[in-house]
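Here are my notes on the two-chain model you asked me to look over. Have it open while you read.

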Amino acid sequence: MSETAVLGGMKGRAPTMNQTGQIGSEPAASGRFLDSEDISEAFDSLSPENRLKLHEIERIALRGTDLSPGDLLHEALSDAIMGNRSCPRDVPFMAFIVQTMRSIASHHREKRRREPADGGAAQEAQGARPVFSTVTSDPEQMLIVRESEDTVGAIHDCFEGDEQAQMVVLGWSEGYRGKELRDFVGVDQAALDYATKRIRRAMTKRYPNGWK
Amino acid sequence: MTGSRKNPAREQLDRIEDALIESILGASEAELREELGERGEDPDRCLLRMEQIIAGAKAAGGKRRMERAKSELQEWRAGPAKTLKFDREAARARFEKMRSRDPELASKMLLAARKGEGLSESDMEGLIEDLAKLERLDDENGGE
């Protein structure tokens, strides 16, 4: 199965999320979604290769959250067993779990981003209602934007002297894939695969728990 | 995403993450083992850890499902009794109303009672129970 085919099943199709804690929110025992027994079986039958993939993907998806390695996977798996997130039968299980992990991580990041740096202590002290600012001139928002820009810069710096890798990362950041990416970098598929491998190795070494 | 429109760098980071994840999904087991080894991590220990995470998640999920089932059972046990009592009281009130409004029915019942053919307390309870059931069925069918 190609890499894009794996995520392709889920792209733009977030795992169906039931109302957490709602009584009677069990997934249907049969039908369009896997039930909890199917989910358990699917976990048990994950190959060592897929388990290692999940291990590595979790490290990347953790970025910007306050979760520790293992937490994200644990949360995704228990949510799936609980039926809080339902896996459509026509979606590859790996794609479902990866997308669930990413969705949970994104939720944690968003939550963290909305929390004031002091945890809301200043607002509480003033008796003010918490306000989630949407104005970019907000100093905290500006800080977040600056942090993101610094991270993009730091990622490019990782490949100082490796022009091909830099071009691939630049292409990725523009959303290029396949032929578009090959044309952008000016290489064939074999060279692109080799550059991708170098990037993956450098990135997982530089950011063992994802970047901030 | 609200943040990405104001933060193009974050959007770029999201796309880089997408590409890295796709690249991991496309890697072979041998490549992944090699990469873990390069970072000083033992792939077999990682697999063991994964096994523990899966077992832990299954246990936690099972426990939460059991708690949910227990609370549903408790609710189910509490629910029908309350409803039944309410139905019966309402049915009794309606029956009394019917009897008081229908002189013919009231006199027939009085006559039957004098002849010793009147309804016993348990007959009356049964009648009210049946009436409550009929009304419940009627409600379930949308009053048809």
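1. How many residues of chain B are in contact with how many residues of chain A? The interface joins 41 residues of chain B to 49 residues of chain A, where contact needs C-beta atoms, placed from the backbone, within 7 Å of each other. On the chain B side, the elements giving two or more residues are H1 (2–6), H2 (8–25), H3 (29–38) and H4 (43–101). H4(B) gives the most, with 17 residues. By type, the chain B side holds 17 nonpolar, nine polar and 15 charged residues. The classes are: nonpolar for Ala, Val, Leu, Ile, Met, Phe, Trp, Tyr, Cys and Pro, charged for Asp, Glu, Lys and Arg, and polar for the others, Gly among them.

2. A word on ground rules before going further. This is a predicted model, in which local features need pLDDT of at least 70, side-chain atom pairs count only at pLDDT 80 or more, and totals for chains, interfaces and linings use all residues. Residues are numbered from 1 along each chain as its sequence is written, while chains are lettered from A and ligands numbered from 1 in the order in which they are written.

3. Now the confidence. The model scores ipTM 0.79 and pTM 0.68. Chain A averages a pLDDT (the predictor's confidence in each residue, from 0 to 100) of 81, and 75% of its residues score at least 70. Where pLDDT is low, the predicted coordinates should not be read in detail.

4. Chain B has a mean pLDDT of 79, with 76% of its residues at 70 or more. Confidence in chain B is lowest in H1(B), at a mean of 53, and highest in H3(B), at 95. H1(B) is also among the elements on the side that touches chain A.

5. On the fold: chain A has ten helices and two strands, with helices (H or I, at least four residues) and strands (E, at least two) taken as DSSP runs numbered from the N terminus. The order in chain A is α-β-α-α-α-β-α-α-α-α-α-α. Of contacts in chain A between residues at least 6 apart in sequence, 67% join residues at least 24 apart. Chain B has six helices and zero strands.

6. Burial next. A residue counts as buried if 20 or more other C-beta atoms lie within 10 Å of its own, with C-beta atoms placed from the backbone. On that count 33% of the 212 residues in chain A are buried, and in chain B it is 18% of 144.

7. Lys53(A), Glu56(A), Ile57(A) and Ile60(A) meet Glu17(B), Leu20(B), Ile21(B), Ile24(B) and Leu25(B).

8. Inside chain A, the axes of H2(A) (residues 36–44) and H4(A) (residues 71–82) come within 8 Å and cross at roughly 145°. Ser36(A), Ile39(A), Ser40(A) and Phe43(A) pack on Leu77(A), Ala80(A) and Ile81(A) in this contact. The tally is five nonpolar, two polar and no charged.

9. Asp79(A) is worth a look. Asp79(A) lies in helix H4 of chain A and is buried, because 24 other C-beta atoms lie within 10 Å. Beyond four places in sequence, Asp79(A) is in contact with Asn84(A), Arg85(A) and Thr100(A). Asp79(A) and Ile104(A) are 25 residues apart in sequence and 9.8 Å apart in space, C-alpha to C-alpha. Both Thr100(A) and Ile104(A) are among the buried residues of H5(A).

Terms used: Buried ≥ 20, exposed ≤ 12 C-beta atoms within 10 Å, placed from the backbone. Contact = placed C-beta atoms within 7 Å. Axes fitted to C-alpha atoms, helices over the stretch in contact; angles between N-to-C directions.
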